[in-house]
Structure formats: C-alpha cells, structure tokens
Amino acid sequence: AEDADGAFLRVKGARDLTRRELAVLRELVPWRDAVAREMDRSSFRVVSNDVLLEIARQAPTTRDALAAIDGAFSVEAVQEALDGSAVEWMEKVSAQEYAGSQ
C-alpha cells in the first residue's frame, strides 16, 4: 500500500514550498486522491499537480480567490459535484495555519 501520509512530498515541486505551503499541500493531495477514487478517474485528471502547488502557494480563503487560480475552477466544480465546499475547507486550513503561527 502506498504511504498516504507522505504522498504530498512526491508531488514534483513540493520540496520548493515553505512549511506553511507544504501543510496546505499535505491536505490537498489526499483530498484529490479521494475525489479521484470517487469519480473513478486518475488523480491528475481531477486537479493537476501544478494547480495543487499554486493553491498551496496562494492558500486562497475565498471562492473568488480560488477561482482566480488558473485551473482551480475544477476544484470548486468537483467539490460541488461531491456536495462539499472547497472554500470552507480552505478557510479551516488557513485558520489552523494562522493559529499555528501565533
């Protein structure tokens, strides 16, 4: 079985991220993999690695900020299709990261 905890570190470009950005990526990769399984699609077809890295860098906390990331519209569409909320998730992650940096 693949080590799910370390999967985010195998995303090409992950090692160039800051600790805060890695924390976001660490949450995004399992989310994408779960969505891919649910949709019976390859992970990269759900959201590309480049888009995940950009979301991790920008850590958008609003729907508009997420939509402004090229290719991230699919994140919101996928979440809505699965009856979830990407923005709520990003707000939670950002709040945790902010609390952790205090």
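**Charged pairs, then the core**

A search of the whole structure turns up three salt bridges (a side-chain nitrogen of Lys or Arg within 4 Å of a carboxyl oxygen of Asp or Glu). Bear in mind that this is a predicted model: local features need pLDDT of at least 70, side-chain atom pairs count only at pLDDT 80 or more, and totals for chains, interfaces and linings use all residues. Residues are numbered from 1 along each chain as its sequence is written, and side-chain values use heavy atoms, with hydrogens and water left out.

Start with R57 and E54, whose side chains form a salt bridge at 3.2 Å, N to O. Both sit in helix α3, three residues apart, about one turn of the helix (helices are DSSP runs of H or I, at least four residues, numbered from the N terminus).

Next, select D33 and R32: another salt bridge, 3.9 Å from N to O.

Now for the largest nonpolar core, with 24 residues; L25, V29 and I55 have the most contacts inside it. Such a core is a set of buried Ala, Val, Leu, Ile, Met, Phe, Trp, Tyr and Cys residues joined through side-chain atoms within 4.5 Å. Its largest share, eight residues, comes from α1.

Finish on V29: it touches A7, F8, V11 and L52 (heavy atoms within 4.5 Å), not counting residues up to four places away in sequence.

Terms used: Buried means under 20% relative accessible area, exposed over 50%, partly exposed in between (1.4 Å probe, protein chains only). Helices (H or I, at least four residues) and strands (E, at least two) are DSSP runs, numbered from the N terminus.
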